[in-house]
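Subject: Two-chain model for you to look over

Dear colleague,

I am passing on the structure below, together with notes on what turned up in it. Please read them with the coordinates open.

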Amino acid sequence: MSAVAIDAGMLDLICPMHLRLSGTGHVTHAGPTAAKLVDRPVAGQRFLELFELIHPRDVRAFADLMTHVGVPLRLRLRCPPATRLKGLLVPQACGGAIVNLSFGISLPDAVGQFGLNSADFALTDLAMEMLFLVEAKSAAMAASRKLNLRLQGAMVEAEEKAFTDTLTGLKNRRAVNHILPRLIAGGGGFSVMQLDLDFFKSVNDTRGHAAGDHVLREVAAILRAETRDSDCVARTGGDEFLLIFAELTDRRRLQDIADRIISRCRVPIPFEGTTCEISASIGIAISDVTDPLTEDRILGDSDLALYASKHAGRGQATLFDPAIHTDAVGV
Amino acid sequence: MHGLVNRSIQGFVQDNFGRARWVEIAHLAGLEFVEFETMLHYPDRMTLQVIDAITRTFGTPYDTVLEDVGTYLVANPKVQAVRRLLRFGGADFVEFLHSLDELPERARLAVDDLDPPRLELREHSCNMFSLRVDSRYPGCGHVLVGMLRAMADDYGTLVLLEHMGRVQRSELIDITVIETAFADGRAFDLGARAVG
C-alpha cells in the first residue's frame, strides 16, 4: 500500500468531520465540523476519551482500534448530547490514523444541537438534501394528518346523519322519524308494525355478542324477504324493529305478514355448530284507527298492541283495537 | 390544480384580508365549499374562478394578484415551510438562483403529485440573469416574480425583477442583482423546524 501525502487543508474541505490521530491515539488535528462536537479544544485529547465505541465492543486501547480498519465504527460522544456517530478509520504510514465521522441518521437532531449550517458540510455531502427531505416529509405528513382528522370528523358526522343501521343494513330510527310525518301529511292509509325479539337477551348473554349480531342479521333478512321494497323496515333499538307499510291497511294481509315473520323467526338459526332459538312478538297499528293521527299516537298504539302480544305469551301478533287496549293497559 | 396551490391562495386572502372576505370570495367564485384541502386535487377552473373573484373584489389586476400570492407564500410568517424549503437551495441569493433549475425535482421530493413549472436559469453576467418559466398555467411567472422578490428580501439582497411577458407556454423573468449584502436578511437556522 503506497502512502499518499495529504494536505490538511485539503482534507478539511473534503472531510470537515475528520480527526487526525497520533500513534498514541491522541487527536492532533480536527476538521472544522468535528471541532464543533466538543465545547473545548479537541487537539491533544485522547480519541477514546472523547468517544465511546459501541461497536465493535472489544476495543480496550487504541492499539485494538487500529485493528478495525475499513469497518464501520459505531460511536457515541461521551459528553452531552451523547450524539451517535458513524466512523471510518484509516491508518497512516507514519503511525497514526485518520478517522472520518458522520452523523448518519442523527443528522436532523445534530444540526440543531451543534448549531450547524450548510457550510459545515462538504459541498458534495448529501446532508443538505437529507435535511430538505426530512423537512419536506414532515410538512407533508402534517398536512396529511390534518386532512385525516377532518375526514374522520366528517365520517362521524355523516354516520350521525345516516338513515341506515350499520349492523343490519336496515333503516334506523332517524329514517322512521323522517318517513312517518310524510305519510301522515300525505293522507293515504298506512300501517305500522312493531316487532320485538323474544329470548334475544339470553342468546346475547349465553352465546356472546357475535351470535347476537348474527341473529339480528338473519332476522333482518327475514323481514326484507317478507316485505315489499317500498315498505320501510327499520331496526330502532337493540332487538326492536319497526315496519311501515304505505298504502296497506288490510287487516287480514297484515296479520298474514306478521304470522309468516313470526313462524320464520321461530326456525332455529345455525351459528358456529349449534343453533340460536328465538321468537318474535308483534304489535300492529293501522292509520285509519289511530285517533288523532299523529306520529306519537300511531307508535304508541302499536306499542300497546305489542305489549298485549307479549302479555299473552309472546310469539304472536296483535292488531291494535282502541276498545280493548287503551283500557286494558290503562295508558 | 393541486390543493396545495388552492389552499395557498385561500391562505393569502384569509391571512391578509380576514376570514369573512375569503368566505365572500369563495361564494363569488361559485365554490360549494369554503375550505380547500392541501392534499386533494381540484379542477383547474376552480383556481381560475377564485383568482377572478379576487381581482373583482379588490379591483387588483390579475398579474398583481398572482405576484402577491407568490410573495405571501415566502414572506408570511404563518407559512414557514415554503421559505425554509427554498432556503435549502443555497447559502446566498445567487446560489439560490442556480438551484432553481432543480426546483421541480425538489418540489416533487416534497409533494410527489405536484405539477411544478419547469425553470431554466441563464446567467448573462455575474449579476444579470434570466429565468424561463414553462407551465401549463399562464401567469405562473408572476407568482415566481413575487416569490423571488420575497426570497431576495429574505437573503438581504437587492434585486430588480421584471416579467418580460409570455411566448407560447414560456414566461421570461429578467433578474438583476444590484447588491448582495444590502440588508441583514432573515436568519436560516437549519436546526429549527418549520411549523404549519
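C94(A) is exposed, with a relative accessible area of 69%, whereas C15(A), at 18%, counts as buried; here buried means under 20% relative accessible area, exposed over 50%, and partly exposed in between, with a 1.4 Å probe and protein chains only. A disulfide is a covalent bond between the sulfur atoms of two cysteines. Taking a disulfide as a pair of cysteine sulfur atoms within 2.5 Å, the count over all chains is zero.

Please keep in mind that this is a predicted model, in which local features need pLDDT of at least 70 and side-chain atom pairs count only at pLDDT 80 or more, while totals for chains, interfaces and linings use all residues. Residues are numbered from 1 along each chain as its sequence is written, chains are lettered from A and ligands numbered from 1 in the order in which they are written, and side-chain values use heavy atoms, with hydrogens and water left out.

Strands of chain A

In chain A, strand β7 (residues 190-198) is mostly covered, with nine of its nine residues buried; helices (H or I, at least four residues) and strands (E, at least two) are DSSP runs, numbered from the N terminus. In a regular strand the side chains alternate between the two faces of the sheet. In β7(A) both faces are covered, with F190(A), V192(A), Q194(A), D196(A) and D198(A) buried on one side and S191(A), M193(A), L195(A) and L197(A) buried on the other.

Two strands are said to pair if DSSP finds at least two bridges between them. β7(A) runs antiparallel to strand β9 (residues 240-246) of chain A, to which seven bridges join it, and M193(A) stands opposite L243(A) in β9(A). β7(A) also pairs in the antiparallel sense with strand β12 (residues 279-286) of chain A, over eight bridges; within this pairing D198(A) stands opposite S279(A), and L197(A) has A280(A) as its bridge partner.

β12(A) is likewise mostly covered, as eight of its eight residues are buried. S279(A), S281(A), G283(A) and A285(A) point one way from β12(A), and A280(A), I282(A), I284(A) and I286(A) the other way, all of them buried. β12(A) pairs in the parallel sense with strand β13 (residues 317-319) of chain A over three bridges, where I282(A) stands opposite A317(A).

Chain B

The secondary structure of chain B comes to eight helices and four strands, which follow the pattern α-α-α-α-α-α-α-β-β-α-β-β along the sequence. Of the 196 residues in chain B, 47% are buried. Among the contacts in chain B with a separation of 6 or more (contact meaning heavy atoms within 4.5 Å), residues 24 or more positions apart account for 62%.

Q10(B) lies in α1 (residues 3-17) and counts as buried because its relative accessibility is 0%. Not counting residues up to four places away in sequence, Q10(B) touches R19(B), W22(B), V34(B), E35(B) and F36(B). F12(B), also placed in helix α1 of chain B, counts as buried at 5% relative accessibility. With the same exclusion of residues up to four places away, F12(B) touches F17(B), D68(B), V69(B) and Y72(B); F12(B) and D68(B) are 56 residues apart in sequence and 8.2 Å apart in space, C-alpha to C-alpha.

Where the chains meet

In the interface, 17 residues of chain B are in contact with 21 residues of chain A. The size of an interface is often given as the accessible area lost when the parts come together. Chain B and chain A bury about 1,800 Å² between them, 67% of it on carbon and sulfur atoms, buried area being the accessible area (1.4 Å probe) that two parts lose on being put together, summed over both.

Between chain B and chain A there are two salt bridges, each defined as a side-chain nitrogen of Lys or Arg within 4 Å of a carboxyl oxygen of Asp or Glu. In one of them the side chains of E37(B) and R150(A) meet at 2.5 Å, N to O. The elements of chain B that give two or more residues to the side touching chain A are α5 (80-87) and α7 (103-110).

With kind regards
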